[in-house]
Amino acid sequence: MPGTSELLLLDSDPARDPIPMPACARWLPAQRLEHKQDLASVLREHRPDEVIELAAVGTRDCMSACAEAGANYLTTAYDDWSAVARLNPDGARCMVRAQDLFDPPDIEAGVHLLCMGMNPGLINLLVARGLNELAALSGRPPSLNELDLHTLLFTEIDATTTSKALEPASERFPCTWSPGGCLEELLEPEAMITASGELEILSHAPHRALYEARCGDELIRGHLVPHEELVSLGAMYPSVDLAYCYRLPPASEASLAASPDRTAAQWQTRRLYPPDHLGDLTGFNRVGLLLCSHTLGELWIGWQTAVADALPYSTNATLLQVSAGVLAGWHELRRAAPGIYLPEDLDSQRTLGLAEQLLGPPQVIWDRTAPARSVAARRVSA
């Protein structure tokens, strides 16, 4: 990033194998951050101007520590310290935690961009783009009412596979992003969506049911998983329902099917991303937004990223998409006035334009004849 003199990297579990790094990058000694004071100590020692956080830590405390140190802050998710989350009965519920986004702490210094990666992040900004695309195709004004929209459904298919055989499905849960984070989403007590701007609890855990939805040029069957953007966008668009339908990589789905009653803590995990798997990953990740209208069918807008395009960056397709959101957010972090921002607060056209330099323009598919289906009507398995 222009203007960056040094890139300091901190991890509790750094990669076992060397990976390509820019000349200005330097690994700090591995350590865990478990309290605000831990991060504050790192900031005092190294005095960075900007902090990009990709971990499951306390977002509020990290934001406060960065403000006190005079550093800007970007995070890809909203979270709490894991120890606190375990003590709180609602701590396992991502969307319940995300409601804190509407009551941010008092911050007097720095620019703080929360939930800026791919999902949440770039995918939030596709709502405005999707409204404009459907309006242009249909000849109607770009509003929820004029387009007769009833549901905004985020859809993702992770088609990443490995050329080398993995362990039997019952032994490990593999994933193309944080395997532990993915398990926490899938194994929450109840699946949640947003309806009329409020959280709605469904009658099953996310991994216990499949739902059908368009993702690019095909119908997928995926799990309804909890995401922060369902909360923040639900407040912006209370007249429609919002949900996230995710079809796991084949190996991940096989593991869940083999041991559906196992808790997250009982699983051994495997990372399907470099450097653990650098030479044997294939496939793609496709992610986007499905706008569902009573009278105009369905319009899908999103990206498909090939694993082959990501490997030169020493990553996989899923994490390359996240990186595009982080890089676009990092650019916006340097332009904004001091304050706290969600992706929806950004200039969507400019931010998506930055991401397109890495991902290319989003694909748009309009199925004019698709029947109007509620989220509940999309369920295809018990």
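How exposed is Asp367, in terms of relative accessible area? Asp367 is partly exposed at 21%, where buried means under 20% relative accessible area, exposed over 50% and partly exposed in between (1.4 Å probe, protein chains only). The model is predicted, so local features need pLDDT of at least 70 and side-chain atom pairs count only at pLDDT 80 or more, while totals for chains, interfaces and linings use all residues. Residues are numbered from 1 along each chain as its sequence is written, and side-chain values use heavy atoms, with hydrogens and water left out.

Asp367 has a charged partner. Its side chain meets that of Arg214 in a salt bridge (3.5 Å, N to O), a term for a side-chain nitrogen of Lys or Arg within 4 Å of a carboxyl oxygen of Asp or Glu. Arg214 lies in strand E11 (residues 211-215) and Asp367 in strand E19 (residues 363-367), so the pair ties together parts that are 153 residues apart in sequence; strands here are DSSP runs of E with at least two residues, and helices are runs of H or I with at least four, numbered from the N terminus. Arg214 counts as buried, at 13% relative accessibility.

The structure holds 19 salt bridges. Among them, Glu190 pairs with Arg93, with the closest N and O atoms 2.9 Å apart. Glu190 sits in the loop between helix H6 (179-186) and strand E9 (192-195), and Arg93 in the loop between helix H3 (82-87) and helix H4 (94-98), 97 residues apart. Glu190 is partly exposed at 24%, whereas Arg93 is buried at 16%.
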